[in-house]
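User: Hi! I'd like to go through this structure with you, one question at a time. Shall we take a look?

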Amino acid sequence: MSELRTLYPPIEPYESGMLDVGDGHSIYYERSGTPGAKPVVFLHGGPGGGFSASHRQLFDPARYDVTLFDQRGCGRSLPHACLEANTTWHLVADIERLREKFGHAKWQVFGGSWGSTLALAYAETHPERVSELIVRGIYTLTRAELDWYYKFGVSQMFPEKWERFLAPLKTPEERADPMNAYRALLTGDDEAKKLEAAKAWSIWESETITLLPDEATSAPFRDGHYALAFARIENHFFVHAGWLEEGQLLRDAHKLAGIPGVIVHGRYDMPCPAHYAWALHKAWPDAEFHLIEGAGHAYSEPGILDRLIRATDGFAT
């Protein structure tokens, strides 16, 4: 077997700033790598997760000009944890604003988890602006996928973690519909209950995204400031099914025809069942498909990371 590829060495951005995108929102962005090299935009997960410095390291800095940004309401974007004017289609428009600002005719789009949802929504809306598409941890945001993670499915694999997730919900009615019950807590006026709910929501996700427990991955989700944006924004998007028609992303995958791509998915991805990655593969034959054995959901899983680095290297020229 060949040696598994890992992240490129840490780098600092060569440019950063805030972009006023309207509706009272300003998004934080960074550019790293080599100005004028192959352009790529990185779409982080969540929704509400923000990007991290390690995401810069997915790309060869000598061959890529990398744009990363915190989506509305999270990371260093302002206002923090804001739900107003914050939908999938606002974010698709923000990606276009960034592309136009930096003068790219088209660019590579890279997204994982929720980032794959947003990447598909953007690419199906603006296929002429996408040179290549790399998606990992495929999430098409159907009702079945939401129920799998927030009703019955993953709860059967992690019963003790599910019990902790349900702890802020006090009645049988709330526990029968966790997403809407959490929405009431996360948008309510009781700040203590809001923070308790935010942490419980975020911890549930952080402890189910890796094949084996990984403290380095789950630790940031316990921070109250991070958890508040993550939980409020993710719940807001999921309660509204991403403002997508049921099955829309797979239905419209034909719009990706002609776009070179790579799909990477862990066999034992708990939040995002492999069925949907396979369905995307069948609907978008232009893309390579890699189902990674012995891997969960997180991009840091060794087999997933190896394949992602090979994908960005392969498209670099």
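This is a predicted model: local features need pLDDT of at least 70, side-chain atom pairs count only at pLDDT 80 or more; totals for chains, interfaces and linings use all residues.

User: Is Leu133 buried or exposed?

Analyst: Leu133 sits in strand β6, which spans residues 130-136. The cut-off for buried is under 20% relative accessible area. Leu133 has a relative accessible area of 0%, so Leu133 is buried.

User: How many Å separate the C-alpha atoms of Leu133 and Asp313?

Analyst: Along the chain, Leu133 and Asp313 are 180 residues apart.

User: Nice. Now to Thr312: in which helix is the place of Thr312?

Analyst: Thr312 is buried, with a relative accessible area of 0%. Its contacts, not counting residues up to four places away in sequence, are Leu58, Phe59, Tyr64, Gln108, Phe110 and Ile134. The helix that holds Thr312 covers residues 302-315 and is α13.

User: Which residue has its backbone oxygen 3.1 Å from a polar atom of the Thr312 side chain?

Analyst: A polar contact needs N or O atoms within 3.5 Å. For the side chain of Thr312, a polar atom lies 3.1 Å from a backbone oxygen, and that oxygen belongs to Ile309.

User: Let's zoom out. Why is the protein chain said to be as compact as a globular protein of that length?

Analyst: The chain's secondary structure comes to 13 helices and 8 strands. For 317 residues the globule rule gives 20 Å, and the chain is close to this, so it is as compact as a globular protein of that length, with a radius of gyration of 18 Å.

User: What percentage of the residues count as buried?

Analyst: The C-alpha atoms fill a box of roughly 55 × 45 × 35 Å along the principal axes. Among contacts between residues at least 6 apart in sequence, 74% join residues at least 24 apart. Of the 317 residues, the share that counts as buried is 58%.

Notes:
Residues are numbered from 1 along each chain as its sequence is written. Side-chain values use heavy atoms; hydrogens and water are left out. Helices (H or I, at least four residues) and strands (E, at least two) are DSSP runs, numbered from the N terminus. The radius of gyration is taken over C-alpha atoms; the globule rule is 2.2 Å times the number of residues to the power 0.38. Buried means under 20% relative accessible area, exposed over 50%, partly exposed in between (1.4 Å probe, protein chains only). Contact means heavy atoms within 4.5 Å. A polar contact is a pair of N or O atoms within 3.5 Å; within protein, one must be able to donate a hydrogen and the other to accept it, and residues adjacent in sequence count only if both atoms are side-chain atoms.
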